[in-house]
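Here are some notes on the charged side-chain pairs in this model. Please read them alongside the sequence and the structure.

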Amino acid sequence: RFYDLYLSTNRWNVLEIPSRYGVPTIRSGMGYDADFHRVGSSHEISEPAEIIFIGHWEPHSEAFLTALMRDQPVRIWGNHWHKAASPELRDVQILPSDRYVSAIAEARIALCFLSRRNRNESTGRSFEIPAIGGFLLAERTPEHEYLYGDGIGAGLFSDAAELVSKVKYY
């Protein structure tokens with residue numbers, strides 16, 4: 001009620017905010033910072049990984065990673081992983097911002113799980129990973145399908161079995 005206009009990257013917020021707060025709401029596109037999200041803009045990672053995930057813990061992200069890690073090693077950075085049920089995932093560290101770009105650029109596959117809490121259909125990493133030149137393997141959503149197509153600009157998966165299959169393929 002204190003604002004004239006609310007901008008959101010989330011279409012669900014655009015539908016809910018006007019009725020909840022009486023504020024006109026516009027959906028703005030998400031993107032990336034062309035100066036920051038480019039190779040050579042940060043320090044090298046001392047131990048690059050083939051498959052990475054950078055993001056906060058949520059139960060479904062843990063389930064995807066647990067399934068994938070039965071087959072493949074994955075390097076994970078992010079917040080709130082102390083909540084993980086799997087002991088091997090509880091000691092995840094936060095990636096320093098000056099290493100973010102290198103971690104993605106040096107990986108063969110950069111995973112993109114979406115927040116269920118935020119009801120995301122894309123996230124910043126949906127745009128940052130391709131901008132850096134990384135390979136995006138992301139949860140299948142209508143927005144990701146529209147932006148990239150499956151197997152064209154990114155790889156998309158709907159469940160843990162498809163994630164494992166796509167990682168083996170790519």
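Which residue forms a salt bridge with Arg108?

1. The partner is Glu50, with the closest N and O atoms 3.4 Å apart. A salt bridge here is a side-chain nitrogen of Lys or Arg within 4 Å of a carboxyl oxygen of Asp or Glu. This pair links distant parts of the chain, 58 residues apart: Arg108 is in the loop between α3 (100–106) and β5 (109–112), and Glu50 is in the loop between β2 (25–27) and β3 (51–54). Helices (H or I, at least four residues) and strands (E, at least two) are DSSP runs, numbered from the N terminus.

2. On the basis of the model: it is predicted, so local features need pLDDT of at least 70 and side-chain atom pairs count only at pLDDT 80 or more, while totals for chains, interfaces and linings use all residues. Residues are numbered from 1 along each chain as its sequence is written, and side-chain values use heavy atoms, with hydrogens and water left out.

3. Arg108 counts as exposed, at 52% relative accessibility. The classes are buried (under 20% relative accessible area), exposed (over 50%) and partly exposed (in between), with a 1.4 Å probe and protein chains only.

4. Arg99 forms a salt bridge with Asp98, at 4.0 Å between the closest N and O atoms. Arg99 is partly exposed at 30%, and Asp98 is partly exposed at 31%.

5. Glu162 and Arg140 form a salt bridge whose closest N and O atoms are 2.7 Å apart. Glu162 lies in helix α6 (residues 160–169) and Arg140 in the loop between β6 (136–139) and α5 (142–148), so the pair ties together parts 22 residues apart in sequence. Salt bridges link Arg140, Glu145, Asp150, Glu162 and Lys166 in a network.

6. The whole structure has 13 salt bridges by this search.
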